[in-house]
Amino acid sequence: MSLQLKRKDLMIVNMGPHHPSMHGVLGLIVTLDGEDVIDCEPILGYLHIGMEKIAENRTIIQYLPYVTRWNYLATMFIEAITVNAPEFFENIQIPQRASYIRVIMLELSRIDSHLLWLGPFMADLGAQTSFFYIFRERELIYDLFETATGMRMTHNYFRIGVAAADLPYGWIDKCLDFCDYFLQGVVEYQQLITRNPIFLERVEGVGFISGEEAVNWGLSGPVLRASGIQWDLRKIDPYESYYQFDWKVKWQKEGDSLARYLVRIGEMGESIKIIQQAVEKILGGPYENLEARRFKKAKNSEWNDFEYRFLGKKSSPNFKLSKQDQLYVRVEALT
């Protein structure tokens, strides 16, 4: 807002820029009359400044660790668009196994993002309990991410044409276990939230955005689909291997806060369907026997060869580690 200021003894204070973990990354230039705020100018865009300049003298591989910081709620998606562009322009063919792995990671990231939307959303409405529920499932997703990529939040996992590494031994079984468990969690959310009269009183008919407004404002994702626009890039402009899976675009026509909640709840269920199909259909490929090969050949490996992705201390009875390296040794593969 902007007011005509007549007094000269007012105080102008910079509030922020706020940390990215806040609901919005912005700074506020606030004009105070004692304790009363009489003017406030929001300044947006602090999180992303300089990223384009950094990219000018770096390769895609060098730049990938930066893009994962753009949006810590959807790091896999930011990595995907960074590698999809050169793949498209150079007509690079992606191995089907690698594409399926990417889809699984993207949908896990989508669930992770929706959960972290749901928790603070309910806390803002006065319901703190849900905030603890969502972290229960998010920790399981982070465990899957950490096992596959080495990082829980900023993964640096996608590469042009492939993924940085194959899925570790037993990862797919754990992923399927998570899918079964999470479906029960979604039912819990619906029982706890969806028909709660206090929740409905505070969200139904509130924050209405029409379909025309959503399009004119350039809104996207669940916010756009909650306003009656059935627009999902996975259907409209398919990427990776989404066209090979059976799933539906979740949308609502009401355009209020309740509709945006229902879209996200529905999308989490659809994401589980996609993950389960991808896991069932995933094919072997260049990495299909990587686990067996690295455990089989570990006893012949040497530190300076860097031929194997990692070694476990039990994989080689003749290979002795120092006390610092007793638990785990990781060696990046060049193959």
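Modeller: Let's start with a term: a residue is buried under 20% relative accessible area, exposed over 50%, and partly exposed in between, using a 1.4 Å probe and protein chains only. This is a predicted model, where local features need pLDDT of at least 70, side-chain atom pairs count only at pLDDT 80 or more, and totals for chains, interfaces and linings use all residues. Residues are numbered from 1 along each chain as its sequence is written, and side-chain values use heavy atoms, leaving out hydrogens and water.

Colleague: Okay, is Asp232 buried or exposed?

Modeller: Asp232 is buried, with a relative accessible area of 4%.

Colleague: And how should I read a salt bridge?

Modeller: Side chains of opposite charge can pair when their charged atoms come close. The cut-off is a side-chain nitrogen of Lys or Arg within 4 Å of a carboxyl oxygen of Asp or Glu. Here, Asp232 meets Arg234 in a salt bridge, 2.7 Å from N to O, and both are buried.

Colleague: Which residues are linked in the network of salt bridges?

Modeller: Glu107, Arg110, Arg225, Asp232, Arg234 and Glu267.

Colleague: How many salt bridges does the structure hold?

Modeller: There are 16. One of them joins Glu137 and Arg136, with the closest N and O atoms 2.7 Å apart. Glu137 is buried at 0% relative accessible area, whereas Arg136 is partly exposed at 31%.

Colleague: What does the pLDDT average?

Modeller: pLDDT is the predictor's confidence in each residue, from 0 to 100. The protein averages 81, and 79% of the residues score at least 70. Over residues 286-335, though, the pLDDT is below 50. Where pLDDT is low, the predicted coordinates should not be read in detail.

Key
Contact means heavy atoms within 4.5 Å.
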